[in-house]
Amino acid sequence: MSTLEPDVPHATKQCNCKGDGKLHRPQQAGTCQCGNDNPSTAKLKHNRCGCSDKAQQADEALSQSLIDTFIAKLANQHDYQQQLACFKKHHPSIRIIECSEDDMAEREPFISASYFDLFLMANGTSCARLTNSVDLAIGLVVALHEE
């Protein structure tokens with residue numbers, strides 16, 4: 001006799017992540033499809049937040065091009081949180097830490113923007129370290145300027 005339970009279809013749930021509040025059925029309990037199986041819906045989802053519609057690799061490396069994209073996305077301080085969340089969502093392998101410029105003391109930033117300084121986080125197994133080499137960087141530190 002098998003102890004496996006019969007497949008129970010997952011309940012349809014309300015989800016606003018599509019932006020239209022349509023009901024959809026998750027592929028697994030507690031997860032959300034959000035149109036990932038529909039290329040046209042997925043493309044709209046990516047375009048709404050400004051990210052490209054190509055899928056990002058889980059092991060995507062930090063590059064100067066990606067840093068430039070990151071800075072361009074954060075150019076407008078008024079939608080900073082939304083754009084930062086979007087970038088994190090579409091580039092999950094890039095570590096991002098936010099802090100105040102005061103937390104960085106007298107360190108020289110890799111790049112200074114209008115309302116934040118950007119530092120590069122080095123790869124390492126112990127304490128967090130900073131680097132000025134994009135080739136050694138695995139993440140970004142966003143130090144917001146005090147107003």
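Visitor: Which residues is Leu118 in contact with, leaving aside its neighbours within four places in sequence?
Guide: Beyond those neighbours, Leu118 touches Ile67, Phe70, Ile71, Pro109, Phe110, Ile111, Leu140, Val141 and Val142. Contact means that heavy atoms lie within 4.5 Å. Keep in mind that this is a predicted model, in which local features need pLDDT of at least 70 and side-chain atom pairs count only at pLDDT 80 or more, while totals for chains, interfaces and linings use all residues. Residues are numbered from 1 along each chain as its sequence is written, and side-chain values use heavy atoms, with hydrogens and water left out.

Visitor: What makes a set of residues a nonpolar core?
Guide: The residues must be buried Ala, Val, Leu, Ile, Met, Phe, Trp, Tyr or Cys, joined through side-chain atoms within 4.5 Å. The largest such core here has 20 residues, and Leu62, Ile67, Phe70, Leu118 and Leu140 have the most contacts inside it. Two or more residues each come from α2 (64-73), α3 (80-90), β5 (116-122) and β7 (137-144). With 4 residues, α2 gives the most. Helices (H or I, at least four residues) and strands (E, at least two) are DSSP runs, numbered from the N terminus.

Visitor: Why is Phe116 called buried?
Guide: Buried means under 20% relative accessible area, exposed means over 50%, and partly exposed is in between (1.4 Å probe, protein chains only). Phe116 has a relative accessible area of 1%, which is under 20%, so Phe116 counts as buried. Phe116 sits in strand β5 and, its neighbours within four places aside, touches Leu74, Val142, Ala143, Leu144 and His145. Across the protein, 34% of the 147 residues count as buried.

Visitor: Why is α2 called roughly antiparallel to α3?
Guide: Two packed helices are described by the angle between their axes and the distance between the axes. Axes are lines fitted to C-alpha atoms, for helices over the stretch in contact, and angles run from 0 to 180 degrees between N-to-C directions. For α2 and α3 the angle is about 150°, with axes 9 Å apart. Under 35 degrees counts as roughly parallel, over 145 as roughly antiparallel, 65 to 115 as roughly perpendicular, and the rest as oblique. The angle of about 150° is over 145, so α2 is roughly antiparallel to α3.

Visitor: Which residues in α2 and α3 meet?
Guide: Leu66, Phe70 and Lys73 in α2 meet Gln83, Leu84, Cys86 and Phe87 in α3.
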